[in-house]
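Me: I would like to go through this model term by term. For each label, tell me what it rests on.

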Amino acid sequence: MDWKEVYFIGIGGIGMSAIARYYHRKGLKVSGYDKTPSDLTKELEKEGIAVHYTDNSLYVPKDKDHTLVVYTPAIPHDMGELVYVNSNDYTVIKRSAILGEITRGQKCLAVAGTHGKTSTSTLAAHIITAHNKGCSAFLGGISKNYNSNLIVSHEPVVVVEADEFDRSFLQLRPALAVITAMDADHLDIYGTLESYQQAFRDFAALTSEVVIKKEGLPISEKDTKARILTYSLTSKTADFHPENVHIDETGHYIYDLVYPDGVIKDVKVGTPGRFNAENSVAAAALCLCHGLEPEAVKAGIGSFKGVVRRMDFHVNKPGLAYIDDYAHHPEELASAIRSIRDIFPGRKLTAIFQPHLYTRTRDFAADFAKALSTVDKLILLDIYPAREEPIPGVTSEIIFDKVTAPEKILIKKEELMQTLENEKLDVLVSFGAGNVDRFIGPITEMLLKR
């Protein structure tokens, strides 16, 4: 079809905005709707993409024969503009399906997993790009090396974050795939852990050459025709694993990477923390299987600056640090907290957490409480609902009541800045996938004045 315009319903989403940027770069007229302005929508507008924030079908391009409409499943089915395009014979397609279409005809390197997929895919894309081999990339976060969630190259290679939400990743046909984790999530869609994990096995079955899984994940030769290789930060039996591991004074891991064809000596991870080190092993495995030279892999890992909102340092001076992180699943919280403890041993850790989704809070309240009990002080905010309606009896209190941290308070987000003004802070971290990121600037500014 000869599209002239692409219209996005939910354009401010991290995955949607990358595709919007892609079509804008290709010279098509791109516009879209989002519920609220954000730093990302402001960037899109600066790039020449029209964004509006009112649900009004008057904004939808009128040439329906030459307009492609892309929507995110996070948008409610009864949203006015979505109803309008569906009832007026527009070509309407989900974000996941259009990403599948874009990647067809290219060598697709996909990274899936309950957590770690954004950092791992962004690092892999950087390693390949920095080596000048080149790739395009559709990322689930803003790469600090490229200040974007999109990389465009003429090379027929594309790195994608493979999102399991709404079974989106089953639209992809990867040549090489990484699977980082299969801990239960999105049970509002999958229902059970078994159904959730089966989706990852289905994803592995769609992979043609190599599946690189974290050692121990329940995927076997009967699930895929692809070769299965393993990686681990700690196990010596994995195909890709580090040896002679040590951590420098700034929390950066340095190790020798053992892989099936040899050893890469003295790999220094460009971003601090334990899970960044683990993700670097996964990204290295992907790039080595793609055919990159060992020294290029080492150099790319070392020059990686990280991803916005992934172990993101905003203040780091003697006696005071502030980190922001996207963690919104119990395993992610536990891993991030361990990493911060590694970097700042013996210091008082205060954590702000904004739960994301009523269903996730309901399903994992005890696990959230267990992870958050490992901080010294918890500042717990109300649930960010995103696409969901309230569920009776599900509030942040069901987490709060189970937390055993030495200190804890439950507040509304409107009270956060005043609360922090009066806190004696040492190491502060904000966690969550909702709108807690709107406080990063004010918190940073306040702390830098101290």
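Me: What volume does the largest cavity have?

Reply: About 50 Å³. This is a predicted model, in which local features need pLDDT of at least 70 and side-chain atom pairs count only at pLDDT 80 or more, while totals for chains, interfaces and linings use all residues. Residues are numbered from 1 along each chain as its sequence is written, and side-chain values use heavy atoms, with hydrogens and water left out.

Me: What makes a space a cavity, and how is its volume defined?

Reply: On a 1 Å grid over the protein atoms alone, a cavity is a set of points where a 1.4 Å probe fits but cannot get out. Grid points are joined across faces, edges and corners, and the volume is the space filled by probe spheres set on the points. The structure holds 3 cavities of 30 Å³ or more.

Me: Which residues line the largest cavity?

Reply: Lining residues have an atom within 4 Å of a point. For the largest cavity they are Arg 95, Ser 96, Leu 99, Glu 161, Ala 162, Asp 163, Ser 168, Phe 169 and Leu 172. The elements giving two or more residues to that lining are α4 (95–103) and β9. The largest share, 3 residues, is from α4.

Me: Why is Asp 89 called exposed?

Reply: Exposed means over 50% relative accessible area, buried under 20%, and partly exposed in between (1.4 Å probe, protein chains only). Asp 89 has a relative accessibility of 64%, so it counts as exposed. Asp 89 sits in the loop between α3 (80–87) and β5 (91–94), and its phi is near 60°, a positive value in a residue other than glycine.

Me: Why is Pro 73 called partly exposed?

Reply: Because its relative accessible area is 24%, Pro 73 is put in the partly exposed class. Its place is the loop between β4 (67–71) and α3.

Me: What does Pro 73 touch, leaving out residues up to four places away in sequence?

Reply: Contact means heavy atoms within 4.5 Å. By that rule Pro 73 touches Lys 94, Phe 165 and Asp 166. Pro 73 and Asp 166 are 93 residues apart in sequence, but 7.3 Å apart in space, C-alpha to C-alpha.

Me: Why are β3 and β5 said to stand at the edges?

Reply: They belong to an open sheet of 5 strands with parallel pairing, in the order β3-β2-β1-β4-β5. β3 (50–52) and β5 each have a single partner strand, so one side of each is left without a neighbour in the sheet. The twist averages 20° from one strand to the next. For β3, 3 bridges join it to β2 (residues 29–33).

Me: At what angle does α1 run to β1?

Reply: Axes are lines fitted to C-alpha atoms, for helices over the stretch in contact, and angles run from 0 to 180 degrees between N-to-C directions. α1 (residues 14–25) runs at about 170° to β1 (5–9), and lies across β1, β2 and β4.

Me: How do you know that the span of α7 is close to the expected one?

Reply: The expected span is 1.5 Å times one less than the number of residues. α7 (residues 193–205) has 13 residues and reaches 19 Å from its first C-alpha to its last, close to the 18 Å expected. Its buried residues include Tyr 196, Phe 200 and Phe 203.

Methods:
Helices (H or I, at least four residues) and strands (E, at least two) are DSSP runs, numbered from the N terminus. On a 1 Å grid over the protein atoms alone, a cavity is a set of points where a 1.4 Å probe fits but cannot get out, and a pocket is an open set with protein on both sides within 12 Å along at least five of seven lines; lining residues have an atom within 4 Å of a point. Two strands pair if DSSP finds at least two bridges between them.
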